[in-house]
Amino acid sequence: MSPLTNSSGTNGSALVQMGLTSVLCAVVGPIDCARRSDELTDRAVLEVNVRTAPFAPSSGDRRTTNPTTDRRIIEQSSLIQNALEASLMLHLFPKTRIILDLTVLADDGGRLCAAINAATCALVDAGLPMKDLVCSCSAGLVTGTGSTVDGLEDIELMDLNQNEISTYSNEASAVYMPVATMPQRGTVVLAQCESRLNSVDVFEKVLNAAMEGCQMIFNVMEACIREKTGKLLAAKMGNATVKVNFI
């Protein structure tokens with residue numbers, strides 16, 4: 001947490017790495033809205049901006065994507081906004097706006113999940129009140145090689161990378177679903193599935209695997225926050241050591 005200093009104009013920041021996927025998030029706000037017409041009288045406005053670095057895709061495609069016209073980026077920005085609005089106490093900051101700037105530094109699958117986790121850590125670093133941490137993890141269901149009564153055994157996968165997504169995407173029975181939850185409340189705030197589901201049991205199996213992954217991410221996130229808080233308390237008590245590197 002806090003990879004960016006406050007002198008850069010940010011109130012909080014976080015760098016999250018999930019496998020080979022890396023996302024940097026910076027939080028600015030609450031600040032005044034640029035126009036009075038953008039203000040909401042009962043709550044703050046959450047603005048999410050997602051950008052992808054030219055060197056981010058694992059496929060080697062270095063074409064620059066426009067965040068204002070790219071359909072996938074616009075969709076993911078909206079999903080991130082909806083997931084975080086379920087936890088943020090925006091009603092405490094009426095007539096203001098909170099800006100989230102997300103930059104995908106490396107994309108090896110799971111970009112949406114890594115972005116939500118980075119945004120959550122950055123919001124905590126900025127000191128903004130939240131009902132619960134929003135943790136995100138993807139899950140999938142593929143056909144394995146084991147034998148069952150019906151034939152092949154279904155295997156649940158968590159935190160799929162780009163190779164796994166592209167490998168199993170051609171299978172008719174394959175399922176891929178990013179999920180975001182508030183683990184302490186047991187609430188699902190995001191569940192996006194573009195695959196065809198054969199039954200409700202398949203959906204429940206994938207959802208349970210994703211929620212288990214979200215709980216694991218919550219444990220890591222909680223440990224990181226406690227470590228950062230411990231360092232701040234040590235500095236307040238005068239027990240911290242400041243290291244200055246001169247070049």
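This is a short tour of one predicted protein model, from its overall layout down to a few single residues.

Because the model is predicted, local features need pLDDT of at least 70 and side-chain atom pairs count only at pLDDT 80 or more, while totals for chains, interfaces and linings use all residues. Residues are numbered from 1 along each chain as its sequence is written, and side-chain values use heavy atoms, with hydrogens and water left out.

**Overall layout**

The protein has 4 helices and 8 strands. These are DSSP runs numbered from the N terminus, with helices being H or I of at least four residues and strands E of at least two. Reading from the N terminus, the order is β-β-β-α-β-α-β-β-α-β-β-α. Buried residues account for 38% of the 247 residues; here buried is under 20% relative accessible area, exposed is over 50%, and partly exposed is in between, using a 1.4 Å probe and protein chains only. If you take contacts (heavy atoms within 4.5 Å) between residues at least 6 apart in sequence, 69% of them join residues at least 24 apart.

**The four-stranded sheet**

Let's start with an open sheet of 4 strands, ordered E1-E2-E4-E3 with mixed pairing. E1 (12–18) and E3 (45–52) are the edge strands, each with a single partner, so one side of each has no neighbour in the sheet. From one strand to the next, the twist averages 15 degrees. Two strands count as paired if DSSP finds at least two bridges between them.

| Strand pair | Sense | Bridges | Residues opposite each other |
|---|---|---|---|
| E1 and E2 | antiparallel | 7 bridges | Met 18 and Thr 21 |
| E3 and E4 | parallel | 8 bridges | Arg 51 and Thr 103 |
| E7 and E8 | antiparallel | 4 bridges | Thr 181 and Val 188 |

Ahead of E1, Gly 9 sits in the preceding segment. At 45% relative accessibility, Gly 9 counts as partly exposed.

How many of the 15 residues of H2 are buried? The count is 14, so the helix is mostly covered. Just after H2 comes Gly 127, with a positive phi of about 80 degrees.

The largest nonpolar core has 47 residues, and Ile 80, Leu 100, Leu 102 and Leu 123 touch the most other members. H2 (residues 111–125) gives the most to this core, with 10 residues. A core here is a set of buried Ala, Val, Leu, Ile, Met, Phe, Trp, Tyr and Cys residues joined through side-chain atoms within 4.5 Å. Not counting residues up to four places away in sequence, Ile 80 touches Val 48, Val 50, Leu 102, Leu 112, Ala 115 and Ile 116. There is also a second, separate core of 10 residues, including Val 179, Val 202, Ala 209 and Ala 210.

E7 (residues 175–182) and E8 (residues 187–191) run antiparallel. Their hairpin has 4 residues between the strands, and Gly 186 takes a positive phi near 70 degrees there.

Gln 192 lies in the loop between E8 and H4. Is Gln 192 buried or exposed? With a relative accessible area of 17%, Gln 192 is buried. Its side chain makes a polar contact of 2.9 Å with that of Glu 75 (a pair of N or O atoms within 3.5 Å; within protein, one must be able to donate a hydrogen and the other to accept it, and residues adjacent in sequence count only if both atoms are side-chain atoms). Beyond its neighbours within four places in sequence, Gln 192 is also in contact with residues including Leu 79, Leu 112 and Tyr 176.

Then comes H4 (residues 200–236), whose 37 residues should span 54 Å at 1.5 Å a residue; its end C-alpha atoms are 52 Å apart, which agrees. The expected span is 1.5 Å times one less than the number of residues. Buried residues of H4 include Val 202, Val 206, Ala 209, Gly 213, Ile 217 and Met 221. H4 is followed by Gly 238, whose phi is positive, near 80 degrees.

Note on methods. Axes are lines fitted to C-alpha atoms, for helices over the stretch in contact, and angles run from 0 to 180 degrees between N-to-C directions.
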